[in-house]
Amino acid sequence: MRILVTGGAGFLGSHLCERLIKQDHEVICLDNFFTGNKENIRHLLSHDHFELIRHDVTDPFKVEVDQIYNLACPASPVHYQHNPIKTIKTSVMGAINVLGLAKRTGARVLQASTSEVYGDPEVHPQTEEYRGNVNLIGPRACYDEGKRCAETLFFDYQRQNKVDIRVMRIFNTYGPHMDPMDGRVVSNFIVQALKGEPITVYGEGSQTRSFCYVDDLIEGMIRLMNHKSLIGPVNIGNPGEFTILELAQKVIEQTDSKSKIIHKELPTDDPLQRQPNITLAKSELNWEPKIDLDEGLDKTIEYFRYLSIDRILGDLRC
């Protein structure tokens with residue numbers, strides 16, 4: 001098939017492009033490089049079935065494709081709070097543009113939504129039926145509400161225009177190609193540990209997260225896209241739940257770091273719990289994560305160790 005991946009040079013998008021190329025599809029990667037990185041897809045540029053287009057998803061575009069994966073949007077607090085208006089425009093206008101393209105071409109289109117639509121949840125673990133607890137005027141709302149609105153648009157286009165949609169809600173994901181400066185907890189902890197700096201834990205560190213390795217996440221995404229009838233939304237994530245303090249201790253141990261843990265004030269609207277209920281993904285997609293946190297951290301730490309970012313980490317190759 002001929003497949004468009006918006007945000008294809010980003011963390012998740014680059015892994016998806018690589019997997020689709022390995023499956024012998026023709027892949028069009030569309031990215032404006034606001035948070036994407038050409039280094040993530042450089043090894044694909046010479047491939048006959050890969051095409052890179054530098055373009056902002058908020059502007060209309062025309063391509064002829066069979067499937068569309070809409071991954072374009074800053075996904076870390078550092079990036080999406082840097083320009084909150086741009087963030088919500090990317091989610092909403094980007095959704096309108098990919099849905100319009102899907103309507104015209106008859107392509108199936110998958111929306112990469114997020115567990116952030118659940119906000120600071122009052123239901124634990126979170127099922128797809130839970131409607132969330134989101135502060136619509138808080139500093140995280142540009143991302144949370146942008147993604148919620150995008151889901152609304154997807155289902156309205158499906159009901160009104162019969163667009164063939166899929167919606168997945170992504171829980172915390174980590175692995176190679178993460179931006180070391182993106183402010184996410186896994187990359188933060190690994191970079192701090194490798195530099196021997198204090199590891200910053202916000203609050204007491206008792207807030208929980210569930211961490212899914214990127215290969216598992218991409219497998220779930222592709223299974224949902226190619227399911228004959230399941231529209232979603234579908235939670236895709238690892239239900240293993242860890243406190244942030246436990247994660248910090250694991251990173252220190254697995255990097256053999258001398259870093260100490262320090263505590264800072266908890267950010268506004270930071271969720272206290274986050275864990276997916278993946279019953280639907282298990283039953284309908286026959287999917288569940290295979291890589292546990294220890295193994296995934298080893299792979300991610302190895303990537304950061306050998307990444308050519310001496311200006312950030314110094315010479316840490318060993």
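This is a predicted model: local features need pLDDT of at least 70, side-chain atom pairs count only at pLDDT 80 or more; totals for chains, interfaces and linings use all residues.
Local features require pLDDT of at least 70 and side-chain atom pairs pLDDT 80 or more, whereas totals for chains, interfaces and linings use all residues. Residues are numbered from 1 along each chain as its sequence is written, and side-chain values use heavy atoms, without hydrogens and water.

**View A. Crossing of helix 1 and helix 6.**
The axes of helix 1 (residues 11-22) and helix 6 (residues 214-225) come within 10 Å and cross at roughly 65°; axes are lines fitted to C-alpha atoms over the stretch in contact, with angles from 0 to 180 degrees between N-to-C directions. Helices are DSSP runs (H or I, at least four residues) numbered from the N terminus. The contact (heavy atoms within 4.5 Å) involves Phe11, Leu12, His15, Leu16, Arg19 and Leu20 of helix 1 and, from helix 6, residues including Val214, Asp215 and Leu217.

Beyond its neighbours within four places in sequence, Ser14 contacts Gly8, Ala9, Asn40, Ile41 and His177.

**View C. Lining of the second largest pocket.**
This pocket holds about 170 Å³ of space. A pocket is an open set of points on a 1 Å grid over the protein atoms alone, with protein on both sides within 12 Å along at least five of seven lines; lining residues have an atom within 4 Å of a point. The volume is the space filled by probe spheres set on the points. Among the lining residues are Val117, Tyr118, Arg148, Glu151 and Arg169. Helix 4 (residues 141-161) supplies the largest share, three residues.

Key. Helices (H or I, at least four residues) and strands (E, at least two) are DSSP runs, numbered from the N terminus. A crossing is left-handed if the near helix is turned anticlockwise from the far one by less than a right angle, and right-handed if clockwise. On a 1 Å grid over the protein atoms alone, a cavity is a set of points where a 1.4 Å probe fits but cannot get out, and a pocket is an open set with protein on both sides within 12 Å along at least five of seven lines; lining residues have an atom within 4 Å of a point.
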